[in-house]
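Subject: Structure handover

Hi,

Here is the structure I promised to pass on. Please open it alongside this note, and then read on for what turned up.

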Amino acid sequence: MPSHRSRPLPRLAKALFLAAAVAPVGGCASPGPGPGIAPGPASISEAEALEVFDFAWTRIHESYYDTTFRGLDWEGVRDELRPVAGASSSADGLRAVLLDMLSRLGDSHFGVIPAEHADALNPEEVVGGAGEPGTVGLELRVVGDRILVSRVGPSGSGQRAGVRPGWGVESIDGVPAHQLLAVLDDIPEARRLAEARVAWGAESRLAGRVGDTTVAAFRDGGGALHPLVLVSEPMPGVPVRFGNLPTMFSLLEAEEVPAGRGCAAVIRFNVWMTPILPELEAAFLAMRHCQGFVLDLRGNPGGVAGMAMGVSGYFMTEQRPLGIMTTRQGVLRLVSMPRRVTADAQPMEPFTGPLAIIVDGQSMSTSEIFAAGLQALGRARVFGEPSGGQALPALMQRLPNQDVLMHAFADFVDPQGIRIEGRGVIPDVTVPLSRDDLLTGRDAALEAALEWIGVAGLGNPPRERIEDPSPERPTTPTGREQP
Amino acid sequence: MKWPMTLAPAAAVLAAACLLTAAPVAAQDPLPSAREIIERYVEAMGGREAVLGHSSSRSTGTFSMPAAGISGTLLAQSAAPNLTVLRVEIPGLGTSLTGFDGEVGWSVDPNLGARLLEGNELAALREGSSQLAAVRDPSLFQERETVELAEMGGEACYKVRMLWRSGRETFDCFSPETGLLVGSISRQSTPMGEIDVVTLMERYSETGGVLAPTRIRQQMLGQEQVMTLDSIEYDVVEPSVFDLPEVIRTLIRDRQGG
């Protein structure tokens, strides 16, 4: 059955980070029309192309946090690629050259967002109608050599079609999964990041604009094939746009679950954008009687870094550095800002009981800054899988052709001086995602976090480690092997 | 400090040397004293009486970080002797408020929450909120000293070192041609540490008998923030606008143990 799709929009919440991801994993290896470079025949003159190239090169030349460019001959890169840029006959061609240039840096948070994506949606005009970005309510992860459904939204067409966690994606719109996964073989040295790209790329293929249909085939746990027609529906969450970032849909979910002899508060949000804050505070206040909190940052690709300071303040009684940003011009500390008053002016104390943070390979940027900082301070215990290692503070700047250049302007280390870029946040308790767990409806990482809260919450609450913090060694929970 | 994004985030200091470089001063042209420079500045604005004759001011305009595509609205209100409140609203980020009510310096930020300012951050706000700061009144300073003829924002200016009563050191730069303030350099205290800030005053316009800049560009950490004032009104501010927000009152009660 043919699918009926208008031109796909990127999964906007992740478009930025996909664009960022292009650089370190080798530019144009994207398996299809992902959100990196929009297809489009727009022609560009040599003068225009050179103006854009020179602007981007110069901006990075002047702002990259390391004046030695980590050993890269940045001027040599310009000399090599400027003529290629000038010979570009289309906007797409020029973007490819820019991405090639950015990839030479080998850092995250360098990318180009096409103007048509950056400006695709005005959040004030979102009504959930046809033509707007949609979703089928499925989250995907790469596990081993498969693309698996890791989460099924409660009300999407995927859920109504009967898709279950653990089902494997066999094909999307006729493109077989093995073709989507092929990129993993090309860049084994960046496997974690490549897996995120593949999963997000597959999600982008599944979802179109509201009203679009997609034909996808899934294989269940018993081996049966399920060809399904999925309809994209309005994105859940609050549309928000900040600066040159594309419009995103921020979504926070919170629930109280049993833990130990009491309860644990589980809060999950998909992006670090300000609209989540009122809901976060409401959830915090409603569940602070529980033994502990779980902040589930799996799949959260980041957002506004400053939010890490304010959100950590719900769990920190003192100002403590979450990490250090080093720019060319100086050093800044990201610090926790203890919350002593609610938005409606009621006095409040930060929560001092057990705090668990769950991350995975799709937890990036601000999620990593937050998790790494609280882990290093001894305030939180981190569960799950190593995070994406994409943790450089970046800025979004318009290029002369109105595309958006994302460029890192600072390096970042956690309070112990450990660089998170490329390394990621290493969980204290590593809990790999497995298909068996997904098929049986088991969330092993959450279970491990709740188990810890159940025990830790009965005794003395963990203290903030102030002086001479020593890294906690990853341990093995519930008999699991660490990779 | 207003948040860029990390994305972050972000801010880096435009090295002051880039904008403020020493220029050779002819031996036969001794530098005017700081007192002379500042007196001329006050006269250029319209005179001390005109500046201090207004009991309050209300400015509206826009706030932007052009390179990051961030823009919003601003409302700045102040009143004698030392009251101030600044409101900045940015789509996608929310509303930031900063104020001083004569005793308490405070901030309410959508990301950082509500807080009482302390230390150098409070001292800077307290001193900057004084109506007398507009005329660089000697009572606010330990020392004022002309340093050199320099250049700032492409304009020649007399660089004057200002040592405030609190011990803060800032540099103002005044145009030899017009007498007006071209810009200033300061080191601002923030929860994230100290940040060097270069401020450029541009597009002076007369309202209510006072010549004031209507575009203020602040450069820090490689980023530029631009405040453009669309209107300046005098003597129209209601005193109640300086009342402490309830969240700040709660923090004060909490601090006092009640």
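Residues are numbered from 1 along each chain as its sequence is written, and chains are lettered from A and ligands numbered from 1 in the order in which they are written.

Back to L229(B), which sits in strand β14 (residues 223-234) of chain B; helices (H or I, at least four residues) and strands (E, at least two) are DSSP runs, numbered from the N terminus. Beyond its neighbours within four places in sequence, L229(B) is in contact with S59(B), G61(B) and T214(B), where contact is defined as C-beta atoms, placed from the backbone, within 7 Å. A212(B) is 17 residues from L229(B) in sequence, with 10.0 Å between their C-alpha atoms.

As a whole, chain B has 5 helices and 14 strands. Of its 258 residues, 42% count as buried. Taking the contacts in chain B between residues at least 6 apart in sequence, 53% join residues at least 24 apart.

Where the chains meet, 38 residues of chain B are in contact with 44 residues of chain A. On the chain B side, β7 (113-116), β12 (193-207) and α5 (246-255) each supply at least two residues, and α5(B) gives the largest share, 5 residues. That side of chain B divides into 25 nonpolar, 9 polar and 4 charged residues (Ala, Val, Leu, Ile, Met, Phe, Trp, Tyr, Cys and Pro count as nonpolar, Asp, Glu, Lys and Arg as charged, and the others, Gly among them, as polar).

In chain A, helix α2 (residues 46-63) packs on helix α3 (residues 74-86) at about 160 degrees, with axes 9 Å apart. Axes are lines fitted to C-alpha atoms, for helices over the stretch in contact, and angles run from 0 to 180 degrees between N-to-C directions. That makes α2(A) roughly antiparallel to α3(A), a term used for angles over 145 degrees. Among the residues making this contact are F53(A) and W57(A) of α2(A) and W74(A) and R78(A) of α3(A). Next, α3(A) packs against helix α4 (residues 91-103) of chain A at about 170 degrees, with axes 10 Å apart. These two are roughly antiparallel as well, and their contact residues are 7 nonpolar, no polar and 1 charged.

Helix α12 (residues 366-376) of chain A has 11 of its 11 residues buried, so it is largely enclosed by the rest of the structure. Its packing partners in chain A include α11 (306-312) and β15 (321-326). After α12(A) comes G378(A), with a positive phi near 75 degrees.

Finally, confidence: the mean pLDDT of chain A is 85, and 84% of its residues reach 70 or more (pLDDT is the predictor's confidence in each residue, from 0 to 100). Over residues 5-40 of chain A, pLDDT stays under 50, and it is also below 50 over residues 460-483 of chain A. Where pLDDT is low, the predicted coordinates should not be read in detail.

Best wishes

Technical notes:
Predicted model: local features only at pLDDT ≥ 70, side-chain atom pairs only at ≥ 80, totals over all residues. Buried ≥ 20, exposed ≤ 12 C-beta atoms within 10 Å, placed from the backbone. Contact = placed C-beta atoms within 7 Å. Parallel < 35°, antiparallel > 145°, perpendicular 65-115°, else oblique.
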